[in-house]
Amino acid sequence: MDVSAFKDVLLRKRGELVALGGLKPLQHSIEHNNGRQGDMADQASGNNEVHIQLRLKQTDAKILQAIDEALTRIEKGSYGLCRDCGEPIAEARLNAIPWTRVCITCKEKQKL
Ligand SMILES: [Zn+2]
């Protein structure tokens with residue numbers, strides 16, 4: 001398995017997430033709502049936007065953490081091994097989600 005190719009993908013994805021975090025695309029519309037003399041409905045929609053933004057950021061933060069862990073595993077030489085059962089993770093799964101920690105079998109178990 002070509003680990004260096006996965007490392008490139010992980011580093012690129014990491015850069016995208018860091019860039020996204022810096023742009024804060026919803027910030028402008030929130031400021032716009034706050035600056036207006038709005039009624040309760042406007043306030044509610046403003047709160048929803050904040051909520052969505054926070055949730056997106058949490059997801060991004062989780063992926064960022066998973067990417068960092070994957071990069072650490074690459075350095076240690078344990079990349080591509082399932083965290084739970086220790087078996088190699090299928091390369092097709094790594095291609096789809098390079099920062100995944102577990103194999104598809106263990107992932108399915110988590111859902112149950
Ligand atoms: Zn497993």
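**Close-up views of a predicted model**

**View 1. Zinc site.** The zinc ion has a tetrahedral site, with angles of 103 to 115 degrees among its four donor atoms (four donors count as tetrahedral if all angles lie between 85 and 135 degrees). The model is predicted: local features need pLDDT of at least 70, side-chain atom pairs count only at pLDDT 80 or more, and totals for chains, interfaces and linings use all residues. Residues are numbered from 1 along each chain as its sequence is written, and side-chain values use heavy atoms, with hydrogens and water left out. The SG atoms of C82, C85, C103 and C106 are the protein donors, lying 2.3 Å from the zinc ion (donors are N, O and S atoms within 2.8 Å of the metal, or 3.2 Å for Na, K and Ca). Their spacing in sequence is C-x2-C-x17-C-x2-C. C82, in the loop between α3 (40–76) and α4 (91–96), and C103, in the loop between α4 and α5 (104–111), are 21 residues apart (helices are DSSP runs of H or I, at least four residues). C82 counts as buried at 4% relative accessibility, and C103 is buried at 8% (buried means under 20% relative accessible area, with a 1.4 Å probe and protein chains only).

**View 2. Aromatic pair.** One aromatic pair is found in the whole structure. F6 and Y79 form this tilted pair, 5.6 Å centre to centre with 50 degrees between the planes (ring centres lie within 6.5 Å; planes under 30 degrees apart count as stacked, over 60 as edge-to-face and the rest as tilted). F6 lies in helix α1 (residues 3–23) and Y79 in the loop between α3 and α4, 73 residues apart. Both F6 and Y79 are buried.

Terms used:
Tetrahedral: all angles 85-135°; square planar, octahedral: opposite > 155°, others 65-115°. Helix = DSSP H or I, 4+ residues; strand = E, 2+ residues; numbered from the N terminus. Buried < 20%, exposed > 50% of the residue type's maximum accessible area, 1.4 Å probe, protein only. Phe/Tyr/Trp six-rings, centres within 6.5 Å; stacked < 30°, edge-to-face > 60°.
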